[in-house]
Amino acid sequence: MAPDLTAGLGLKPQHYEEARACPADGLWFEVHPENYLVDGGPRLGWLRAIRERHPVSLHGVALSLAADAPPDARHLQRLRALADHIEPALVSEHLAWSTWRGAYHPDLLPFPRTSEALARVCANVAAAQDALRRRMAVENPSHYLHIDGHEWSEIDFLTELSRRTGCGLLLDVNNVFVSASNTGFAAEAYVDAFPGDPVMEIHLAGHSRDALLGERLLVDSHDAPVSEPVWALYRRLVSRIGARPTLIERDDQVPSFAELLAERGRAHAALEVPAARAA
């Protein structure tokens with residue numbers, strides 16, 4: 001596991017003071033770098049102040065690695081400048097696309113996992129890592145419907161992506177649970193088959209039921225505590241692959257810092273079991 005990182009929290013502006021002062025062992029914070037690509041100002045100042053006390057991870061949402069085009073060079077340049085400034089413990093992005101030919105979509109979109117797409121994503125990840133001069137982790141997405149035309153399973157696609165580019169993987173356990181429920185596969189089998197060695201980070205989050213379809217469509221909404229089935233999958237994963245830096249994501253219906261810190265404590269405690277076993 002990355003030095004001194006156990007369980008972390010997504011950093012929210014309303015929690016800046018408490019986050020900076022918190023003395024919890026192994027605590028780290030993750031931010032979307034797109035919110036900090038500025039030359040100065042109070043928000044960047046807060047991130048710098050928190051980085052002085054805690055490790056920080058940059059979790060991007062705008063590189064559009066699966067688009068039919070290379071990552072935007074200007075965006076990479078700004079991301080590199082932020083990374084050089086903050087010196088993040090981890091850098092990650094998504095196996096998805098969101099921009100194409102100047103159009104920006106407010107979501108992380110799926111694509112057919114073909115060999116042609118694999119070559120394109122490998123080229124884009126390699127370009128991003130070269131520009132950032134850092135190894136990055138690529139996250140498994142949430143799925144809401146079946147897409148025709150896949151030539152690779154998701155796990156095989158990510159494993160080959162890691163092998164060809166040297167990138168790491170970010171396994172979002174809630175994404176696995178949501179995708180399994182929506183498209184009909186066994187979440188336990190997915191977690192058991194996921195390669196352990198490339199995993200640099202794990203994400204945990206809450207989900208919600210669609211207002212019209214209920215349990216037939218789960219949404220990766222990040223607006224609720226981590227569900228008990230997701231906690232069970234997480235413990236199953238870390239008991240097999242060992243401790244990894246684990247983030248509690250919460251982006252809506254954000255509770256108090258104390259409440260998030262208590263939830264983060266469950267992940268921290270779960271990581272102590274495999275860490276003690278490996279000692």
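Predicted model: local features only at pLDDT ≥ 70, side-chain atom pairs only at ≥ 80, totals over all residues.
Local features were required to have pLDDT of at least 70 and side-chain atom pairs pLDDT 80 or more, whereas totals for chains, interfaces and linings use all residues. Residues are numbered from 1 along each chain as its sequence is written, and side-chain values use heavy atoms, with hydrogens and water left out.

Helix H2 (residues 42-51) packs with helix H3 (residues 73-86) at an angle of about 40°, the axes being 10 Å apart; helices (H or I, at least four residues) and strands (E, at least two) are DSSP runs, numbered from the N terminus. Axes are lines fitted to C-alpha atoms, for helices over the stretch in contact, and angles run from 0 to 180 degrees between N-to-C directions. H2 is therefore oblique to H3, given that angles under 35 degrees count as roughly parallel, over 145 as roughly antiparallel, 65 to 115 as roughly perpendicular and the rest as oblique. Leu44, Leu47, Arg48 and Arg51 of H2 are in contact (heavy atoms within 4.5 Å) with H3, which contributes Leu82, His85 and Ile86.

Leu44, Leu47, Ala49 and Ile50 of H2 are buried, where buried means under 20% relative accessible area, exposed over 50% and partly exposed in between (1.4 Å probe, protein chains only). The buried residues of H2 pack against helix H1 (16-21), strand E2 (28-31), E3 and H3.

Strand E3 (residues 56-59) pairs with E4 in the parallel sense over three bridges; pairing requires at least two DSSP bridges between two strands. In this pair, His59 stands opposite Ser92 of E4. Five of the five residues of E4 (residues 90-94) are buried, so the strand is largely enclosed by the rest of the structure. Burial extends to both faces of E4, with Leu90, Ser92 and His94 on one side and Val91 and Glu93 on the other.

Thr114 is located in the loop between strand E6 (103-109) and helix H4 (115-132). This residue is buried, at a relative accessible area of 16%. A polar atom of the Thr114 side chain lies 3.0 Å from the backbone nitrogen of Ala117. Beyond neighbours within four places in sequence, Thr114 is in contact with Gly149, Glu151, Trp152 and Phe157.

Ser181, in helix H6 (residues 173-183), is partly exposed, with a relative accessible area of 33%. Residues up to four places away in sequence aside, Ser181 touches Glu215 and Leu218. The C-alpha atoms of Ser181 and Arg216 are separated by 7.6 Å, although these residues are 35 residues apart along the chain.

How values were computed: Polar contact = N/O pair within 3.5 Å; in protein donor to acceptor, adjacent residues only side chain to side chain.
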